[in-house]
Amino acid sequence: MYGNVKGNLVDNIDNNIDFLLYEIGINIKVNHVNKRAIIIDDTKKPNDYDTKIIVTNFLLNQGDLIHYDNIDWLIVGEVDTSKNTYRAKMNKCNFTIKFPYGTTYPFNYEVPVLVTRGTFNVVTNTYVNYPDGEVYVTCKTDDYINPIGVDDIIGLNTTFIKWGYSFKVSGFDKTKKGLITFHATGTGGFANKQEAITESMFSTEPNYTISVDNDINTLDIGNTYKPQMNITYNGTIVTDKVPIYYTAVTDDTISVAADGTVTGLKIGNAILEVFSQGVYKTIEFTVKDVDYSMTIANETESIGINFDYTLNIDCYKDSVKDTVPIVTYVSSDPTIATVDNTGKIRGIKRGSVKITAKYHNHSKSTYINIIPINSIIITNKLNQLKVGQTYTPTFNCTSNNVVDTNPTVTYTSSDPSILSIENGVITALKAGTATVVIAYKDKIDSVTILCSNITYAISIANKPSTSINNGSTYQLNLNCTEDGAIESNPIVTYTSNNTSVATINSTGLISCVGIGSANITVNYHGVSDNVDINVVSAHNYVLSVSPTSISVENSNTATITASVEDKGTVISDALFVYSSDNISVATIDSTGKVTGVSAGSANITVSFIGLDNNTYSKTIPVTVTAPLTKTITVADATGLLVTSIKVNKTQNYIITETDSNGTVINDTFTVTVVPSNNTCDSSYYTLTIIDNNNFSINNLKGAGSQYIIVTVTSATNPSVSKEFKVRLAGRW
């Protein structure tokens, strides 16, 4: 039978494995992946159809699950390696067990297993059965079946149902790498209705389905495709809870990764087989080549040293423009020019270079010369100058895209009689037009300038219309124009024809230094204007005093009042200085109070110093006389002193003060009345002050034995007084 080789061929397999696999090998699945192998009988047990020998040229492992002849087999023995071959014994899986995943049995996890209920005793050479209700289950370890005793998915105490009985895993053996053997003990049949339902569910062939959500018809070579699989169990999606195996049936046209990612390898039909839970799904499509093309939209012949240039590449896939192409670039000589992954070329040194762009299996090249590039740009060009004006051109020089901070340049004037050049400064000499050329290495730049004469004008904008006070300043404001345009910072000169009256500085500030007249002239580029200045005194002080003469008795005082006006305006805070030329006769204090010291004459001087530093004075003659004797008389209208007043009568009195010369003195007085010798009290009379020189006394109830003392005293000189006694008489 093809692929089923007898034992006498084994010795020849090692040396001819590739040829034999091609000639007599058969297609199998190893852990659900398509492979090719030679399957032969076990020479030690030629009639044992449950044991086979598998021979391959790829690595086998103990525990691998082999799908051969529509039956699942397990490699249960050690794998032998000899030269280029791997061989191992495999046993037919006699059952499948559906392990539940989770506590609510949401689906089955079906596993091919080897189940034994007995073992061969080598001592007695007999087959010994295990007690009823005990079985040993051997299967492949995987992500779900790999117990360690803690938090196992399928392990100790996992319950499964087989042959109408409920079993619980009571132990396990992992001494054989890649395999696990569960010791399961029957629980005594169906314990309750729920287990019966579960058994019924497990006894029914599970309804697993596999579908793909993103079928494709074609896959480009080099591109990838990952199928989105849906695994359902009795209508419930269990995709994320079961293992899925992918096999590239046509492994010459596609390859597939463990996660199902498929890569197109070459043109042809492709078959991808998906396996899970005993169900296979075949996905068929065509791997096709892609027509890639590209064009360089902006080819150039040359790039400057240190300059950048980016290629614009248009890429097409099957004649459709690729908007996000992946393009790689290569320079044939990076010492001449480099190119980055965006297509930007940088010139390094002089030479020629080939730049190649590659898009998938298509490439495009362009040849570029790298050359030195110099430049000069005048940055402050102007087109006209006035005769006499100068202009210094500024410029930027670059050499190979590097700024030259100290360039060497030459200047040439097309007409040196119009434009002269010295040390980089251009001067307009006369009216006309000329061009100046500035050369830097192999590059030039130029400026053409029209030269013309200038029309200047000047006027003083604020000529003073009135006189100016001496000691003050006055700022002249000018209007200067150049060809009708106002010059904001003109260069002018000022002169004064009379510096003893007025001087002027370089900014046009006039200083008045003396009284009189002066003429100020201002000159601007040969044109001028002038102004006449009349300087007058800054102040006109008038000092006034009162009184203008003083006569005062010895030891008496008088007050001088002083004031000063400046051009008719009273100076409110004026300070005055007082002095006496004869302090033995009269003195004066800082407030203007004069005091007579002795009989005689003196002169009092009042002085004021103005802001013009001049002193203004007034002199007041003072006569001091010896003191005169002063007398106070009291009388009625007839001139008699009345000393008796009838009861219920009022007597009027007149006060008069005279000096020894008989001169009446204008004075003020105080009048007092007191009882004499306790003859009465104030209830007997009233005193009425009529005015400064008149008073009256009324006898209210005097009967003739009551007397009062009346005293009249000078308010200005208490030593001068008049006292008299008045009888309060009864009727007579």
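This is a predicted model: local features need pLDDT of at least 70, side-chain atom pairs count only at pLDDT 80 or more; totals for chains, interfaces and linings use all residues.
The charged side chains come first. Side chains of opposite charge can pair when their charged atoms come close. In the whole structure, a search finds 13 salt bridges. One of the salt bridges joins K92 and D50, with 3.4 Å from N to O. K92 belongs to strand β8, residues 85-92, while D50 sits in the loop between β3 and β4, so the pair ties together parts that are 42 residues apart in sequence.

K44 is placed in the loop between β3 (33-41) and β4 (51-56). Together with K45, K89 and K176, K44 forms a positive surface patch. K44 counts as exposed because its relative accessibility is 75%, and the cut-off for exposed is over 50%.

A second salt bridge is made by K386 and D483, whose side chains meet at 2.1 Å, N to O. This pair links distant parts of the chain, with K386 in strand β38 (residues 384-386) and D483 in the loop between β50 (478-482) and β51 (485-486), 97 residues apart. The two partners fall into separate accessibility classes. K386 counts as buried because its relative accessibility is 17%, under the 20% limit. D483, at 33% relative accessibility, counts as partly exposed.

Another pair is D314 and K321, in which the closest N and O atoms are 3.3 Å apart. K321 counts as partly exposed, with 46% relative accessibility. Salt bridges can also join into a network, as with D220, K288, K317 and D318.

Strands of a sheet pair through backbone hydrogen bonds, either parallel or antiparallel. β50 and β51 belong to an open sheet of three strands, in the order β47-β50-β51, with antiparallel pairing. At the edges stand β47 (456-460) and β51, each with a single partner strand, so one side of each is left without a neighbour in the sheet. The antiparallel pairing of β50 with β51 runs over two bridges. In one of the bridges, E482 has A485 of β51 as its partner. The loop with D483 lies between these two strands, which places the salt bridge to K386 at the connection between β50 and β51.

Another open sheet of three strands has the order β17-β20-β21 and antiparallel pairing. Here β17 (208-212) and β21 (236-237) are the edge strands, each with a single partner, so one side of each has no neighbour in the sheet. β20, residues 229-233, pairs with β21 in the antiparallel sense over two bridges. Y233 has T236, in β21, as its bridge partner.

Backbone angles are the next topic. Most residues other than glycine have a negative phi, and most peptide bonds are trans. N157 is in the loop between β13 (134-140) and β14 (159-162). Its relative accessible area is 55%, so N157 is exposed.

N400 also has a positive phi, of about 55°, although it is not a glycine. N400 lies in the loop between β40 (395-399) and β41 (402-403). Is N400 buried or exposed? N400 is buried, because its relative accessible area is 16%.

A cis peptide bond runs from S546 to P547, with omega near -5°. P547 is part of the loop between β57 (541-546) and β58 (550-553).

The last stop is L628, in the loop between β66 (615-625) and β67 (630-635). L628 counts as partly exposed, with 27% relative accessibility. L628 and T658 are 30 residues apart in sequence, and their C-alpha atoms are 9.3 Å apart in space.

Technical notes: Residues are numbered from 1 along each chain as its sequence is written. Side-chain values use heavy atoms; hydrogens and water are left out. Patches are made of residues with over 30% relative accessible area and no salt bridge: like charges are joined within 9 Å, nonpolar side chains (Val, Leu, Ile, Met, Phe, Trp, Tyr) within 5 Å. Accessible areas come from the Shrake-Rupley method with a 1.4 Å probe; for residues, only the protein chains shown count as cover. A salt bridge is a side-chain nitrogen of Lys or Arg within 4 Å of a carboxyl oxygen of Asp or Glu. Lys and Arg count as positive and Asp and Glu as negative; His and the chain ends are not counted. The place of a charge is taken as NZ of Lys, CZ of Arg, CG of Asp or CD of Glu. Helices (H or I, at least four residues) and strands (E, at least two) are DSSP runs, numbered from the N terminus. Buried means under 20% relative accessible area, exposed over 50%, partly exposed in between (1.4 Å probe, protein chains only). Two strands pair if DSSP finds at least two bridges between them.
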